[in-house]
Amino acid sequence: MNLALNLVAVKTIIRKEMVRVLRIWIQTIVPPAITMTLYFIIFGNLIGRRIGVMDGFDYMQYIAPGLIMMSVITNSYGNVVSSFFGAKFGRHLEEMLVAPMSYATIIIGHVAGGVLRGLLVGMLVTIIALFFTNLQVAHPFIMISIVLLSSIVFALAGFINAVFAKKFDDISIVPTFVLTPLTYLGGVFYSISMLPEFWQNVSKANPILYMVNAFRYGVLGSSDIGIGYAYTILIAFVVLLFSGCMFLMQRGIGIRE
Amino acid sequence: MSALSIKNLTKTYSNGNQALKGINLTVETGDFYALLGPNGAGKTTAIGIISSLVNKSGGEVEIFGHNLDTEQEAAKACLGIVPQEINLNLWETVGNIVFNQAGYYGIGGKRARERVEKYLRELRLWDRRNDTARSLSGGMKRRLMIARALVHEPKLLILDEPTAGVDIEIRRSMWDYLQKINEAGTTIILTTHYLEEAESLCRHIAIIDEGTIIEDARMSEVLRKLQREVFVLSLSDELAQAPELRGFKTRLRNDGELEVEKGPETDLNDLFGQLDDCGIHVVSLRNKANRLEEMFMHLVENKGTST
């Protein structure tokens with residue numbers, strides 16, 4: 001593999017993705033900022049006052065890391081799935097498929113684009129959160145590594161969704177019926193210690209629970225689960241999903257006749 | 001070295017349609033090659049396989065000696081593709097489309113910007129570099145796809161019906177440009193439905209029909225096989241009926257012009273001599289159909305059996 005060629009190619013894909021995100025900023029940046037502001041106002045400020053303290057933090061502080069993580073996850077996923085499916089649908093994906101760069105480069109470029117959008121929106125949501133509450137970062141390395149790994153996992157998942165999608169409806173099915181319920185049930189708004197034991201165990205099968213809690217641990221120093229589990233699960237997902245993406249690209253499933 | 005070598009290439013789609021039935025083709029370096037065939041003959045499938053957009057069922061493809069299965073990166077680097085369908089990101093600017101394509105081939109920074117300027121100027125799109133592709137006319141979009149395919153300066157350029165739907169002026173300017181880059185050393189393979197285009201540009205021709213190559217020869221050899229030609233003669237005076245001419249079939253057309261079919265044993269001097277004897281004055285003469293078109297129709301109808 002020609003490393004220099006692939007480095008230029010991956011930079012080109014990332015640049016293209018960023019140009020796209022900023023060109024349609026009204027669709028990519030503004031909606032999550034508005035949604036999260038509403039979450040902070042309604043759940044954090046209005047309802048949160050009545051809820052009081054959770055795990056030793058006021059409710060606004062407690063939900064802030066979960067909401068940041070939620071915006072990172074949905075935007076990383078959404079960017080890759082819409083960009084890659086759009087390229088497939090408009091057939092300009094062929095520009096990349098005829099070129100001599102490796103399939104790994106195509107995947108990494110798109111995933112990096114998704115991660116960058118996820119982080120951009122995550123930073124914006126963090127700034128909004130700071131208008132409502134005070135956040136002290138307890139474990140900066142854990143916070144940054146967890147948000148990066150989670151973003152990579154969902155960008156890879158978005159890539160696989162885009163490969164299989166045949167029409168625009170197919171790119172909204174997973175976010176609507178899988179991602180959103182798992183996120184809401186992933187401990188963004190509550191601690192699973194509030195649930196009966198059976199539902200606590202069921203919740204532990206939800207990978208988003210580990211991401212939200214590990215990120216909350218990085219920010220607040222409080223978590224429902226062990227951080228080691230979160231890293232294990234995230235790294236396993238990265239390896240598994242990247243291998244899946246490579247397999248699909250090499251076989252041409254969903255992208256070549 | 002061959003620019004392109006295809007051996008026993010087959011493709012069967014999942015619906016059972018056998019698009020290619022073991023085609024063999026060799027295109028020499030520097031050639032200008034026409035790949036012709038009716039709709040659904042297998043041309044676009046063959047090009048799809050060569051450009052790695054379609055998975056083959058069997059056979060081998062080599063581009064400048066690089067096997068597409070084992071040396072894919074080197075093979076792809078030699079190839080530029082202009083597809084039949086518009087496959088541009090219509091929301092992207094003209095300049096970015098060509099710049100990104102250079103990046104996908106590992107050409108970045110200043111070198112990429114110089115190439116972008118060079119090819120956009122050559123294809124008369126430089127003034128539109130900041131406009132989105134969707135704002136371009138059909139002919140401009142086709143020229144942009146040529147600029148995009150050339151930005152990495154491929155040794156082999158494949159154009160799948162590049163002039164479909166463009167006006168005659170743009171088509172002629174594209175012909176001139178393609179001839180120029182061919183003279184500069186780029187091997188070109190062209191598919192087209194405009195047989196006049198193939199006849200005037202290409203030195204070699206292959207005709208594919210129902211997934212099989214039914215003709216593969218130099219253009220001059222193919223045309224030499226054509227033994228029957230039909231001419232349309234415009235006359236100074238209208239005739240009441242078609243004259244009887246030895247060795248020629250004649251027919252009077254509704255518009256008053258005379259249609260004359262010439263066989264292999266006669267020539268035009270003989271025709272004009274006979275017309276002169278009948279007192280018929282010819283103002284102008286033209287082929288009823290393009291010569292290659294006649295040959296093409298004959299080969300496709302008779303599946304490769306020459307007259």
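**Figure 1. The two domains of chain B in the predicted model.** The domain assignment divides chain B into domain 1, covering residues 2–223, and domain 2, covering residues 226–302. Taken over C-alpha atoms, the centres of domain 1 of chain B and domain 2 of chain B are separated by 38 Å. Along the principal axes, the C-alpha atoms of chain B fill a box of roughly 75 × 45 × 35 Å.

**Figure 2. Secondary structure and burial in chain B.** Ten helices and 14 strands make up the list of such elements in chain B. The chain has 307 residues, of which 41% count as buried. When contacts in chain B between residues at least 6 apart in sequence are considered, 67% of them join residues at least 24 apart.

**Figure 3. The side of chain B that touches chain A.** Here 26 residues of chain B are in contact with 23 residues of chain A. Helix H2 (72–77) and helix H3 (94–104) of chain B each supply at least two residues of this side. H3(B) gives the most, with five residues. By class, the side of chain B that touches chain A comprises eleven nonpolar, twelve polar and three charged residues.

**Figure 4. Packing of helices H1 and H6 of chain A.** Two packed helices are described by the angle between their axes and the distance between the axes. Helix H1 (residues 3–23) of chain A packs against helix H6 (residues 103–132) of chain A at an angle of about 35°, and their axes are 8 Å apart. The crossing of H1(A) and H6(A) is right-handed. From H1(A), the residues that meet H6(A) include Asn6(A), Ala9(A), Ile13(A), Glu17(A) and Val21(A). Among their counterparts in H6(A) are Thr105(A), Ile108(A), Gly109(A), Ala112(A), Leu116(A) and Arg117(A). By class, the contact of H1(A) with H6(A) has ten nonpolar, five polar and two charged residues.

**Figure 5. Helix H10 of chain A and the residue that follows.** Helix H10 of chain A runs over residues 207–220. Because its 14 residues should span 20 Å at 1.5 Å a residue, the separation of 20 Å between its end C-alpha atoms agrees with expectation. H10(A) is mostly covered, with 13 of its 14 residues buried. Gly221(A) follows H10(A) and has a positive phi, near 85°.

Technical notes:
Residues are numbered from 1 along each chain as its sequence is written. Chains are lettered from A and ligands numbered from 1 in the order in which they are written. This is a predicted model: local features need pLDDT of at least 70, side-chain atom pairs count only at pLDDT 80 or more; totals for chains, interfaces and linings use all residues. Domain bounds come from an automatic or database domain assignment. Axes are lines fitted to C-alpha atoms, for helices over the stretch in contact, and angles run from 0 to 180 degrees between N-to-C directions. Helices (H or I, at least four residues) and strands (E, at least two) are DSSP runs, numbered from the N terminus. A crossing is left-handed if the near helix is turned anticlockwise from the far one by less than a right angle, and right-handed if clockwise. Two residues are in contact if their C-beta atoms, placed from the backbone, lie within 7 Å. Ala, Val, Leu, Ile, Met, Phe, Trp, Tyr, Cys and Pro count as nonpolar, Asp, Glu, Lys and Arg as charged, and the others, Gly among them, as polar. The expected span of a helix is 1.5 Å times one less than its number of residues. A residue is buried if 20 or more other C-beta atoms lie within 10 Å of its own, exposed if 12 or fewer, and partly exposed in between; C-beta atoms are placed from the backbone.
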